[in-house]
Amino acid sequence: MWHRIAAFIIKFRVLLLVILLAITAVFGFYASKVELSYDFTSAIPTNNPEYISYQLFRQQFGEDGNLLVLGVQTDKFFDPAFFSDYTSLVHRIEKVHGVENVLSVPGAITLVKDTVSEKLNVVKLAGNQAYANMDSFKAAFYGLVFYKGLLYNPATHAYLMAISINKQILNSKSRTQVVNDIVSPADSFGKKYNTEVHYSGLPFIRTQMANKVQAEMKMFLIMSFLLTALILVFFFRSFVAVLSSMIVVAVGVIWAVGTIVLLGYKITLLTALIPPLIVIIGIPNCVYFLNKYHSEFSKTQNKIKSLLVMVDKMGIITLFTNLTAAIGFGVFYFTKSAVLKEFGLVAGINIIALFFISLVFLPAVFSFMPPPKGRHTSYLNSNWINKLLTTLTNWVFSHRKWIYGFTIVICGISVMGILRLKSDAHIVDDLPKSDKVYMDLKFFEQNFKGVMPLEIIVDTKRKNGILSLPTLQNMDQLNTELKQYPDIGNPLSLTEGVKFASQAYYGGDSGSYKMPADMIEASFILPYLRGKKGADKSNMFSKLINSFVDSTKQKARISVNMADVGSKRLPFLLDSIRAQTNELFDSTKYHITFTGTSIVFLEGSKFIINSLRDSLILAFIMIFGCMIVLFRSWRILLISIVINIVPLLITAGVMGWEGIRIKPSTVLVFSVALGITIDVTIRFLVSFKQDLMKYDDSIADTVQRTIHDTGLSIIYTSLILIAGFGVFMLSQFDGTKSLGYLTSLTLFLAMITNLILQPALLVWMGKVKMKKMASADKILNEIGNDDLNLTK
């Protein structure tokens, strides 16, 4: 069949190349429309209870992750010149398109009781004649307890500005411009006063990470092209071979990016890895095809016949290797995580597409090219490679027990390392500790206890229930207990507004910033909070009720900013808070829900890790199912399982001993590596199977020949893959770095196990078969002798 396919490609090569070009042009058109994704909630499925709770919260109360915070630390904040320019900065940021509201010290307000209208008048401190003097402004501001811990930290002289950004802007490419329009004047302000300005909040973190992803995608693509091109030049010493290989992977990249758009997807942290992965995985296809073409041509000196043999012999091998690699990635599609589904589907489709691109393009193009010259095939007789392969062969046949023993010892040490593995992930986990985004996040954690949103929803199960004094007192008690946690900032809820009103009712006395003690006191204060009919609905408390209480006043939110404590500690922290919440709120009267970005992150992290684990198991089943179909031998299947588990086991052990935590980016390594390393095993075993008949079923002779026939291409393709994944170590993201060096390590180990351990196990298999055959012959001889004696 493959011989007929080869003949078809050569016969209709012009037509096939035109079709290939036309398809590439269509994909190129769609690839030009690719966009970045700014949605960070797609890690968990839409039917997940935490996801449903979060979406319900967003519908009732709006976004929880739309605050960009800006911070400075100085003891000269209230110096007239500094404060004046800071106020100008606030006004400039307020005018930025997409900014909805700015909460800042210059925008601080106080409340004044109006006994006639029974409402609290909002009075802005800045610009008010009563506070025209900076000292009087400072004293009035520090007297407002509401802002303590929210806009300033008196102990560290840190001051915060909270900027609310429109959610439609945050989910569009305009978010980068909005963030830049905020950061640019703030940086200018900081330079003028030699004061570092710190930025954080989910809008800033996500924008910075998305921009870094976009920049790294371009860098990885260029680096992977250059690096693989250099290796190919060293390998083939042929401009045509290098150019044709580069064209194959370039077409694959265009198809991959076009597929992302055609499927309605956008570039995420994961899908951004697909183009360089296509380059890395596509080049070995070219190496194996061209290596076979050159080796056949060196024997026959017939170009067309060599191309036909190339497709005939390498077609089935390359199909299965690409199929197993596609399975390694494609199994992610069967998870329930949208971001993994997208990555798996796009990667799986385009790895298979790579096979067809290389199958059509290489024989078609090289049929037009002149035959390879001697220098193009000189690598086939490389002295150092032949010496290395001879050494490996000697090890396999002379030191098998040492190979088995060393493997068992290393695996034992690896298992001990695996027992040390720990799972923990952070929202900015992948950023290096020296990155400004990470350092600024730590600034806000040290001064304001963090910026990561956590929302607690109190459902009273009845209309207007949230305004009852016992409910408000319980909420305030919960707020007080939350403040005791070192990783949780000042909670913001309706009760803070009530206490602000209480302070205003008693003439601004900071000691009166507290909840009403009883219904008598509440009866005096709450009318000022509610206001009379026809009162101004745009005042602070109307807005507060709209932001923190639903329209029926049945539910209220307690908004908390917390530190990025990580997925390991967060569940224990939440369990502790839940226990305190359950003591305050009777479950028969209240329903308490914990949600927000921090909860979604925790659930997403756990879900992705579990999904990757399940997909790895599925990949094993599907890949080794293909091995059964291909080889139909349980012994070879067992050998292939051992050969591919050992590198993964050692890599996991290295992670344990090095203290590398289990998180989505590190778990991803195993599925990716399995899909690629099995390729080498298949190529070795298929070559072994094809040559077995040539050597009269002599396993020892066949193994020796297979090491020399496939060793060259295995070493070169492994080096290309190792170098290709090594590019990812240049990433700013620790997760991408981990993917790079752990996958490179796994591929290096797989090269060793495939060229040393696998041949040793095959020789062992041959000896077992020989013993069984010898035992069978002995039994037959004994039966024959018994029959002869009976006859006599």
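I began with the second largest pocket, which holds about 730 Å³ of space. Lining residues have an atom within 4 Å of a point. Points are joined across faces, edges and corners, and a volume is the space filled by probe spheres set on them.

Before going on, I noted that this is a predicted model, where local features need pLDDT of at least 70 and side-chain atom pairs count only at pLDDT 80 or more, while totals for chains, interfaces and linings use all residues. Residues are numbered from 1 along each chain as its sequence is written, and side-chain values use heavy atoms, with hydrogens and water left out.

Which of the 26 lining residues are the closest to the centre of the second largest pocket? I found Lys292, Ser295, Lys299, Asp709 and Thr710. H10, H11, helix H13 (383-398), H23 and H24 each give at least two residues to this lining. Helices (H or I, at least four residues) and strands (E, at least two) are DSSP runs, numbered from the N terminus. I sorted the lining by class and got eight nonpolar, nine polar and nine charged residues. Here Ala, Val, Leu, Ile, Met, Phe, Trp, Tyr, Cys and Pro are nonpolar, Asp, Glu, Lys and Arg are charged, and the others, Gly among them, are polar.

**Cavities**

I counted five cavities of 30 Å³ or more. The second largest cavity has about 100 Å³ of space. Its lining includes Ile281, Tyr288, Asn322, Asp679, Arg683 and Leu721. Helices H10 (274-300), H11 (303-330), H23 (664-692) and H24 (699-726) are the elements that supply two or more residues to that lining. By class, I get six nonpolar, four polar and two charged residues there.

**Whole protein**

I zoomed out and found 25 helices and ten strands. The C-alpha trace spans about 130 × 70 × 40 Å along its principal axes. Of the 792 residues, 56% are buried, where buried means under 20% relative accessible area, exposed over 50% and partly exposed in between (1.4 Å probe, protein chains only).

**Helix H1**

Where do the buried residues of H1 sit around its axis? In H1 (residues 2-11) the buried ones are Trp2, Ala6, Ile9 and Ile10. Seen down the axis, they fall within an arc of 95 degrees, so they line one face of the helix; the arc is that of the directions from the helix axis to the C-beta atoms. Arg4 and Lys11 are exposed on the other side of H1.

**H21 and H23**

The axes of H21 (residues 597-631) and H23 come within 9 Å and cross at roughly 5 degrees. Axes are lines fitted to C-alpha atoms, for helices over the stretch in contact, with angles from 0 to 180 degrees between N-to-C directions. H21 and H23 are therefore roughly parallel (angles under 35 degrees). Their contact has 20 nonpolar, five polar and two charged residues.

Ile621 lies in H21 and is exposed, at 57% relative accessibility. Asn194 has a positive phi of about 55 degrees although it is not a glycine. I found Asn194 in the loop between H7 (174-192) and S7 (198-200), exposed at 74%.

Definitions and conventions: 1 Å grid on protein atoms, 1.4 Å probe; cavity = no way out; pocket = protein on both sides within 12 Å on 5 of 7 lines; lining within 4 Å. Parallel < 35°, antiparallel > 145°, perpendicular 65-115°, else oblique.
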